[in-house]
Amino acid sequence: MVLDSRGQPTVEVDCYVDGILLGRSIVPSGASTGAYEALELRDGDDQRYMGKGVQQAVNHVKDHLEEALVGLPVDEQRIIDEVMIELDGTSNKSKIGANAMLGASLACLHAGAASHELPLWKYVGGVAGGLMPVPMLNILNGGAHAASNVDVQEFMVMPHGFDTFAEGLRAGVETYHSLKTELKKDGLLGGIGDEGGFAPNLPTNEEGLKYMVRAIEGAGYSTEEIGIALDVASTEFHQDDGYHIEGKVISSEELGNMYAGWLDDYPILSIEDGFGEDDWAGWAAFTRAHGHRVQSVGDDLFVTQSERLSQGIELGAANAMLVKLNQVGTVTETLEAMDLATTNGLNNVVSHRSGESEDVTIADFAVGTRAGQIKTGAPARSDRVAKYNQLLRIAEDVHEYKSPFA
């Protein structure tokens, strides 16, 4: 057991090969979680860590996974993951816990790379080589990630009009500091959310969009170079009678019309979880009407699982999938879902969780899989900055960088 960025327990797994420590991984944890995610096993003992302990998951690694995996070739990732999936035997990893399984899966992935003396991105990517991703920097927080009255969970800047990753990151960082200046001018500078973004109280969600444009232009950039990406996380405010937003209850169609108005007025490139995780009709209608002009990203909708994604592809529900390894619980299943998305013309967006750590796996993973996009928070808090620093290191070797919105 180690602690994540929120001070909650999470699982760390070490992988030894011939007695030498070659792989280590820390499992992230979400706050705004989809109902269909693989199960994160928590102890539920109120006397320890307010019920958030992970001793059961840790014990499952020691008592079950270790016994099943020791002796397998460390570079046979599919075999390793299939052994764990079979051992668990449930549809949602509820017996052993997705946190236990992902810790072991990722530790073995790192050890496999180390045993071949390869950087992780190159081990994951193979002959295809790496592609530096366009970053989405979550600089203004609301929803479940902040104690504010803003419904939209993440307002992100997406510096897509630059020649290199380092230039794009610099533009995003400067925009973050510019937003701080703009909020301070208006007396709205308060705390920051779980992912490092500022978390002001604002009269409307659209006010957040206005601040994003002010921040971009205040940093000396144009909205042609830096666009806006939103994670609405609408499952959080979707109820039986509709979507509860800004003190009103509205239908899927009305919510879609609101987004359409925003698309007309602001440089929005991407909308994640614009509709609830069961509102397939709302998703499909919006993507059909507006998918040609905005990336419509399924997170709670797909939860990085091929079965849900297949359903979405059939319905034309979205044109991109958010990729979170802990939603499905193994590296192999994550890669399978990503391949399914790519084969069917959907973009992949590799993502952190709100509960993170110093583990930088997703930086290498995004480059190696050639996903083309990564969201990993504001350039604040070392759990987020660690990923950006790792990407800067990788960029010294990987020069290919192209915007999915070019």
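Residues are numbered from 1 along each chain as its sequence is written, and side-chain values use heavy atoms, with hydrogens and water left out. Because the model is predicted, local features need pLDDT of at least 70 and side-chain atom pairs count only at pLDDT 80 or more, while totals for chains, interfaces and linings use all residues.

Searching the whole structure gives 10 aromatic pairs, where rings of Phe, Tyr and Trp (its six-membered ring) pair if their centres lie within 6.5 Å, and planes under 30 degrees apart count as stacked, over 60 as edge-to-face and the rest as tilted. Two of these pairs are set out below.

| Pair | Centre to centre | Angle between planes | Class |
|---|---|---|---|
| Y259 and W262 | 5.8 Å | 55 degrees | tilted |
| F275 and F286 | 5.5 Å | 50 degrees | tilted |

Y259 and W262 are three residues apart in helix α7 (residues 252-265), which means that about one helical turn separates them; helices here are DSSP runs (H or I, at least four residues) and strands likewise (E, at least two), numbered from the N terminus. Y259 is buried at a relative accessible area of 1%, and W262 is buried at 5%, where buried means under 20% relative accessible area, exposed over 50% and partly exposed in between (1.4 Å probe, protein chains only).

F275 is buried at 2% relative accessibility, and F286 is buried at 5%.
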